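Dear colleague,

I am handing over the structure below, together with an account of what was found in it. Please read the notes alongside the coordinates.

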Amino acid sequence: MRATPQQTDARERELAGALTYHGHPDAPAALRVRDWDAPERTSRAVRALATCWGLAVLAVFLPVLHFVLVPSLLVAGPVVALSRLRERCTVRGASGTCPACGAAQSFAVSGALRESTPVRCDACGRAISLRAPVTTALE
Ligand SMILES: [Zn+2]
């Protein structure tokens, strides 16, 4: 039985971060991150480009919608591929206590590792910031 309900990856690691809310002391947070090496980043970029351009080809057959979808997907392909190529570390999730109300919870965050990611507390609804040590995490 797995410890978490989500699929776990052997190459995931935990990173110490902080949850911040103005006027309150920072609360520690644990981020689950996945590192990508150069071949993996290239593979993800190629797959993103192939997916976007493949969908663009399929969108040619959609009446009226193809006027918007085809050019959008053709442009989105290189944009998404470039972002995948540059993404060295992906956040898969985070957990910690809300600095404002103190409720312990896990946050469904995903995407590239950033210095600050906005999240919302499930208990009090406040918009709090998830801060990650980006410069030390990518060394
Ligand atoms: Zn809260």
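Of the 139 residues of the chain, 18% count as buried, where buried means that 20 or more other C-beta atoms, placed from the backbone, lie within 10 Å of a residue's own, exposed means 12 or fewer, and partly exposed covers what lies in between. Please keep in mind that this is a predicted model, in which local features need pLDDT of at least 70 and side-chain atom pairs count only at pLDDT 80 or more, while totals for chains, interfaces and linings use all residues. Residues are numbered from 1 along each chain as its sequence is written.

Overall form

The chain holds 3 helices and 7 strands, and along the sequence they follow the pattern β-β-α-α-β-β-β-β-β-α; helices (H or I, at least four residues) and strands (E, at least two) are DSSP runs numbered from the N terminus. The radius of gyration of the chain is 19 Å, whereas a compact globule of 139 residues would have one near 14 Å, the radius being taken over C-alpha atoms and the globule rule being 2.2 Å times the number of residues to the power 0.38. The C-alpha trace spans about 55 × 35 × 35 Å along its principal axes.

The chain is divided into domain 1 (12-36 + 88-137) and domain 2 (38-86), with bounds that come from an automatic or database domain assignment. The C-alpha centres of domain 1 and domain 2 lie 30 Å apart. Among contacts between residues at least 6 apart in sequence, 50% join residues at least 24 apart, a contact being a pair of residues whose C-beta atoms, placed from the backbone, lie within 7 Å.

The nonpolar core

The largest nonpolar core has 14 residues, of which Leu31, Ala94 and Leu130 touch the most other members; such a core is a set of buried Ala, Val, Leu, Ile, Met, Phe, Trp, Tyr and Cys residues joined through C-beta atoms within 7 Å. Strand E2 (24-35), strand E3 (89-97) and strand E7 (127-131) are the elements that give two or more residues to this core, and E2 supplies the largest share, 3 residues. Once neighbours within four places in sequence are left aside, Leu130 is in contact with Gly17, Leu19, Ala29, Ala94, Phe107, Val109, Thr117 and Val119.

Helix H2 (66-86) has 21 residues and reaches 30 Å from its first C-alpha to its last, close to the 30 Å expected at 1.5 Å a residue, the expected span being 1.5 Å times one less than the number of residues. The buried residues of H2 are Leu73, Gly77, Ala81 and Arg84, and they pack against helix H1 (38-59). An α-helix has 3.6 residues a turn, so residues three or four places apart point the same way.

In the loop between H1 and H2 is Val64, whose phi is near 65°, a positive value in a residue other than glycine. Most residues other than glycine have a negative phi. Val64 counts as exposed because 7 other C-beta atoms lie within 10 Å.

Loop and strand positions

Glu87, in the loop between H2 and E3, is partly exposed, with 17 other C-beta atoms within 10 Å. Not counting residues up to four places away in sequence, Glu87 touches Trp36, Arg41 and Ala112.

Cys101 sits in the loop between E3 and strand E4 (104-107) and is likewise partly exposed, with 16 other C-beta atoms within 10 Å. Leaving out residues up to four places away, Cys101 touches Cys121, Ala123 and Cys124. The C-alpha atoms of Cys101 and His24, 77 residues apart along the chain, are separated by 9.6 Å, and those of Cys101 and Gly125, 24 residues apart in sequence, by 9.7 Å. Gly125 itself lies in the loop between E6 and E7 and is exposed, with 10 other C-beta atoms within 10 Å.

Ser116 belongs to strand E6 (residues 116-120) and counts as exposed, with 12 C-beta neighbours inside 10 Å. Apart from neighbours within four places in sequence, Ser116 is in contact with Ser129 and Arg131, and its C-alpha is separated by 4.5 Å from that of Arg131, 15 residues apart along the chain.

With best regards

Notes. Contact = placed C-beta atoms within 7 Å.
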